[in-house]
Amino acid sequence: MLLGKRTRSIILAALVFSCSVFPERPASAFHLNPLAKALLGIAVEYGSLNTMVNYYDNAGRNVYLGKLKDEYGVDHDGDKNALLGNIVKRLSNAYATKYPDVRQKPYNYFVNNKKTFNAFCTFGHNISVNSGLFDLLGNNPDEIAFVIAHEMGHGEEKHNIKGIRKSLPIDAISAIEQANSDSALKSLGVSVLARYAQANVVTKPQEWQADNDAFTYATMAGFNPGAGAALWQRVMEKMPSQRENFVGEIFSPSDHPTNEQRRENYARKLTAYSNNHVVVSNGTVKINGKFFMKAASSKAMSSAERAYLIAGALSAVYHNNKTIPRAYVGENGYLYVGVQDICLPLKGELSAHELAIRFNKINNI
């Protein structure tokens with residue numbers, strides 16, 4: 001396969017490192033030509049990497065967590081850490097319905113000091129979320145949950161490990177590889193592994209798979225079904241003025257879907273989740289093809305982002321109920337449908353009372 005520029009540079013750096021660790025064997029012992037010697041160097045490096053990946057993915061995962069904390073720093077903000085802990089707990093319970101290794105190897109997690117929008121899941125079910133991601137999403141638990149669910153999807157499918165193992169020409173060196181010793185593990189530093197682990201080795205189909213898994217398990221965990229679309233709507237709105245906060249592999253169009261593609265994918269899933277009753281378009285929410293409301297913007301959220309979250313709450317109603325319950329206004333001023341809270345109307349929107357009447361009329365209640 002053809003390697004990306006960044007992946008090639010990482011492999012080259014690792015090979016340079018290996019030259020100082022593994023002395024070249026006498027040519028007379030193997031009768032190797034220059035190309036074979038080069039392949040042998042790659043084989044030695046790969047043999048070490050494979051052994052180390054297996055170690056840090058299992059028995060040494062807590063050791064690797066410590067290395068990651070040293071590398072990225074730890075943000076001890078109480079609110080962010082409590083929010084992350086609750087999200088990981090709920091998502092773990094959801095993912096465990098299909099992936100038993102979530103129970104056997106519970107996810108480690110921490111908030112790091114980076115101020116950009118990013119999160120990652122690496123070997124050993126180790127998750128880290130940038131402090132800046134919480135800030136850019138306004139500590140919104142539903143939207144943050146979709147990010148974490150996406151990363152857990154990578155973790156359960158072992159996308160990172162699969163990508164690393166495919167990043168070297170394994171078929172070409174498999175015979176040579178058998179001659180190498182696992183003792184090379186002792187000589188290879190964790191910093192080299194970290195460079196591989198952060199390489200752009202996840203494919204676009206794997207990104208789509210992680211997004212789709214995120215919707216399945218975030219909604220199973222009880223998070224707002226519209227939060228995935230809302231999340232990417234927010235990213236699209238923030239990027240023009242805060243581009244420096246949205247950098248890195250997650251926004252590489254060659255290896256990731258575009259922001260708009262991700263939003264539209266989640267919007268379609270929202271509609272499907274509602275059994276095709278709820279649709280969102282440009283801040284307008286429709287039910288059964290009829291106008292329900294136009295969302296207003298707030299200081300913290302645009303009309304379009306808010307519409308996806310309102311529609312998400314409505315979609316949960318249609319997903320969870322065979323017989324649609326009546327809409328009503330709660331004592332707190334919120335619009336409810338059965339036990340589901342929908343929204344607290346803002347200035348510029350129909351009142352909760354008007355929305356309740358409209359919902360009941362649309363649904364012939």
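The model is predicted, so local features need pLDDT of at least 70 and side-chain atom pairs count only at pLDDT 80 or more, while totals for chains, interfaces and linings use all residues. Residues are numbered from 1 along each chain as its sequence is written, and side-chain values use heavy atoms, with hydrogens and water left out.

Let's start with two helices. Helices here are DSSP runs (H or I, at least four residues), numbered from the N terminus. Find helix α13, residues 227–238, and helix α14, residues 259–273: they pack with their axes 7 Å apart, at an angle of about 155°. The axes are lines fitted to C-alpha atoms over the stretch in contact, and angles run from 0 to 180 degrees between N-to-C directions. This angle makes α13 roughly antiparallel to α14, a term for angles over 145 degrees. The crossing of α13 past α14 is left-handed, meaning that the near helix is turned anticlockwise from the far one by less than a right angle.

Which residues meet here? From α13 come Gly228, Ala229, Trp232, Gln233, Val235 and Met236, and from α14 come Asn259, Glu260, Arg262, Arg263, Tyr266 and Ala267; contact means heavy atoms within 4.5 Å. By class, this contact has six nonpolar, three polar and three charged residues. Ala, Val, Leu, Ile, Met, Phe, Trp, Tyr, Cys and Pro count as nonpolar, Asp, Glu, Lys and Arg as charged, and the others, Gly among them, as polar.

Keep your eye on Arg262 as we turn to salt bridges (a side-chain nitrogen of Lys or Arg within 4 Å of a carboxyl oxygen of Asp or Glu). The side chain of Arg262 meets that of Glu207 in a salt bridge, at 3.5 Å from N to O. Glu207 lies in helix α12 (residues 204–220) and Arg262 in α14, so the pair ties together parts that are 55 residues apart in sequence. Arg262 also meets Asp211 in a salt bridge, at 2.9 Å from N to O. Asp211 is in α12 too, so this pair ties together parts 51 residues apart in sequence. Glu207 and Arg262 are both buried, and so is Asp211; buried means under 20% relative accessible area (1.4 Å probe, protein chains only).

Arg234 sits in α13 and Glu305 in helix α15 (residues 303–320), 71 residues apart. Both Arg234 and Glu305 are buried.

How many salt bridges are found in the whole structure? The search finds ten. Elsewhere, salt bridges link Asp57, Lys105 and Lys158 in a network.

Methods: Parallel < 35°, antiparallel > 145°, perpendicular 65-115°, else oblique. Buried < 20%, exposed > 50% of the residue type's maximum accessible area, 1.4 Å probe, protein only.
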